[in-house]
Amino acid sequence: ENSSVGRNLRVANGTLKGPLFLIGGGDPGFVSETAWFLVNEFTRTGVKTIEGDLVVDDSRFDSIRFGEDRQSQRVDRAYDAPLGAMSMNWNAITAFVRPGDEVGASAQVVLDVQSPFVRLQNKTKTVQAGKGFNVSVERLKSDKPEEGEVFLATGTIGLDHPEKAIYKSIREPAMFSAQSLRVFLESRGITLKGTIRQGRAPKPVAELAILATAESKPLPLIVADMMKWSNNYVADMLVKNLSAEAGGSGGNTPHGIKRGGDYLERSAGFKPGSYEFINGAGFTRDNSLSPAQIGAILTAVRNDFRIFPEFLASL
């Protein structure tokens, strides 16, 4: 699916009256490089100033970030990332940690992406060489995560230790994506005068002036990445996309799971009630299939030339 920030629009003296809509297409592979591509295309419109707001529209999916199909306890690790039609970098940030210049100095901790949405409190210390790596990063609690996230880095790192990455999830994908996009716009000399907020683009979207579009990878490559990296976030995003493709908007996990179950019953011959399938990523202990049913799935896929080559390549 595509994520769009809008072609064929006249721009007066490099000024867009606004608002500018960032419309999420449910792409689980939308990352910094994708945002860079999107902004590069946008620069060719000639826009230098956006007078209105940047409005992020993630209405392709529902607003439930963490479904009941996952384990009940939330953690700030990247594998437990929230879901949203407008998401970026797997809804996670990376804290890169290096030793400081000398013993006693703070470690160098850099958050990627560098965005107003994420801030760092650095209470680390560099210690003698050979002392290893004992740095931890945690997301601090906030009553308004839609306004930004604060991460606290504590602990020690040896003077000779190589750089190490720590991955943490964020909680509000839409605002995280829009704030990050603003950084990319500013890096190309494009000024946003308005605010960043969530909202909905006028319907139908086809009547809007499409200024830039970033296409996702082909689905087989997305699935291969999901399988190779054991990526829960991508699996759960694809489940919501199953629902959105059938329903148009408001894609939701229960409907996507039902479509998955319908496939199992139609293609692999499962009888309703003979299995439990409640989470597409397997991020639960409540999924339940018998060994014979696993065999039936593999046989059904092997006999389906439409998907078997891609499925096999993903393993």
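Which element gives the largest share of the lining of the second largest pocket? I looked it up, and β6 does, with four residues. I note that this is a predicted model.

**Entry: the second largest pocket**

I read off a space of about 740 Å³ for this pocket. Its lining has 25 residues. Nearest the centre I found V31, N89, W90, W229 and N231. I then checked which elements give two or more residues to this lining: α1 (32-43), β6 (92-98), α3 and α4. By class, I noted 13 nonpolar, seven polar and five charged residues.

**Entry: the largest pocket**

Next I turned to the largest pocket, with about 1800 Å³ of space. I found 50 residues lining this pocket, and V223, M226, L238, L242 and F311 are the closest to its centre. Two or more lining residues come from each of α3 (219-229), α4 (232-247), α5 (253-267), α6 (291-302) and α7 (308-314). The largest share is from α5, which gives eight residues. I sorted the lining by class and got 24 nonpolar, 14 polar and 12 charged residues.

**Entry: salt bridges**

Side chains of opposite charge can pair when their charged atoms come close. How many salt bridges does a search of the whole structure find? I got 12. I looked at some of them in turn.

R65 and E172 meet through their side chains, at 3.9 Å from N to O. I traced where they sit: R65 is in the loop between β5 (54-57) and β6, while E172 is in the loop between β11 (164-169) and α2 (173-187). They are 107 residues apart, and the pair links distant parts of the chain. Are these two residues buried or exposed? R65 counts as buried because its relative accessible area is 11%, under the 20% cut-off. E172 is buried too, since its value is 17%. I also noted a network of salt bridges that links D58, R65 and E172.

E186 pairs with R182, and their closest N and O atoms are 3.3 Å apart. Both lie in helix α2, four residues apart, which is about one turn of the helix. E186 is partly exposed at 45%, and R182 is partly exposed at 22%.

My last pair was R306 and D304, with a salt bridge of 2.8 Å from N to O. R306 is exposed, at 68% relative accessibility. D304 is buried, at 12%.

Methods
Residues numbered from 1 in each chain as written. Predicted model: local features only at pLDDT ≥ 70, side-chain atom pairs only at ≥ 80, totals over all residues. Heavy atoms only, no water. 1 Å grid on protein atoms, 1.4 Å probe; cavity = no way out; pocket = protein on both sides within 12 Å on 5 of 7 lines; lining within 4 Å. Points joined across faces, edges and corners; volume = space filled by probe spheres on them. Nonpolar A, V, L, I, M, F, W, Y, C, P; charged D, E, K, R; others polar. Salt bridge = Lys/Arg side-chain N within 4 Å of Asp/Glu carboxyl O. Buried < 20%, exposed > 50% of the residue type's maximum accessible area, 1.4 Å probe, protein only.
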